[in-house]
Amino acid sequence: MPRPTVAQLTYGSCTVIFSTLAMLLLSQTSSGPGIAVIAIAALGLGLLVAMTVPVPRPSPASAPPVRQQAQPEPVPVPAASVREPTAS
C-alpha cells in the first residue's frame with residue numbers, strides 16, 4: 001500500500017479539524033454521544049477527502065533522462081621511438 005503524500009495528509013487533517021469545529025458550532029451539542037457522532041463523521045469526511053486528492057504521477061516527458069554508461073576513453077599509446085642509424 002503506497003504511503004500518503006504530504007498533500008493528502010494536509011487536506012485530510014484540515015478537513016477533520018475544520019469540519020469538527022463547524023459541526024460542533026452549528027449543532028451546539030454538549031452531550032457525549034453527540035460529540036462522538038460528530039467526531040466520527042469528521043474523521044470519515046477527512047478520510048474521504050484525503051483519498052480523493054489526486055496523486056501526481058511522473059510523466060515520461062518530465063522524467064530525468066537515463067544516463068548512458070560512459071565509454072572509457074582510449075589510452076594514447078606512445079609512438080615507438082625510432083632511432084636513426086648512427087654512422088660509426
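Is Gln28 buried or exposed? In this predicted model, Gln28 is exposed, with a relative accessible area of 69%. The residue sits in the loop between H1 and H2. Its backbone is worth a look too: just after H1, Gln28 takes a positive phi of about 50°. Most residues other than glycine have a negative phi. Gln28, then, is a residue other than glycine with a positive value.

As for the overall picture, the protein has two helices and zero strands. Of its 88 residues, 11% count as buried. The accessible surface comes to about 8,200 Å², and carbon and sulfur atoms account for 68% of that.

Which residues of H1 are buried? They are Gln8, Gly12, Thr15, Ser19 and Thr20. Looking down the axis of H1, these buried residues fall within an arc of 120°, so they line one face of the helix. An α-helix has 3.6 residues a turn, so residues three or four places apart point the same way. The face of H1 turned away from the buried side carries Val6, Leu9, Phe18 and Leu25, which are exposed. As for the partner of the buried side, the buried residues of H1 pack against H2.

Two of the buried H1 residues can be followed in detail, starting with Gln8. Gln8 belongs to helix H1 and has a relative accessible area of 9%, so it counts as buried, the cut-off being under 20%. Setting aside residues up to four places away in sequence, Gln8 touches Arg3, Ala50, Val53 and Val55. A polar atom of the Gln8 side chain also lies 2.9 Å from the backbone nitrogen of Thr5. On the C-alpha level, Gln8 and Pro54 are separated by 8.5 Å, though they are 46 residues apart along the chain.

Ser19 is the other one to follow, and this residue is likewise found in helix H1. With a relative accessibility of 11%, Ser19 counts as buried. The Ser19 side chain reaches the backbone oxygen of Val16 at 3.4 Å. Leaving out neighbours within four places in sequence, Ser19 is in contact with Ala42 and Leu45.

At the start of H2, a side-chain oxygen of Ser31 comes to within 3.3 Å of the backbone nitrogen of Gly34.

What does Ala50 contact, leaving aside its neighbours within four places in sequence? The contacts of Ala50 are Gln8 and Gly12, and both of these residues are among the buried set of H1. Ala50 lies in helix H2 and is buried, with a relative accessible area of 12%. Ala50 and Thr15 are 35 residues apart in sequence, yet their C-alpha atoms are 8.6 Å apart in space.

Ile40 is exposed, with a relative accessible area of 61%. From C-alpha to C-alpha, Ile40 and Thr20 are 9.2 Å apart in space and 20 residues apart in sequence.

Notes
Residues numbered from 1 in each chain as written. Predicted model: local features only at pLDDT ≥ 70, side-chain atom pairs only at ≥ 80, totals over all residues. Heavy atoms only, no water. Polar contact = N/O pair within 3.5 Å; in protein donor to acceptor, adjacent residues only side chain to side chain. Helix = DSSP H or I, 4+ residues; strand = E, 2+ residues; numbered from the N terminus. Buried < 20%, exposed > 50% of the residue type's maximum accessible area, 1.4 Å probe, protein only. Areas by Shrake-Rupley, 256 points an atom, 1.4 Å probe, with all protein chains shown as cover. Contact = heavy atoms within 4.5 Å. Arc of directions from axis to C-beta.
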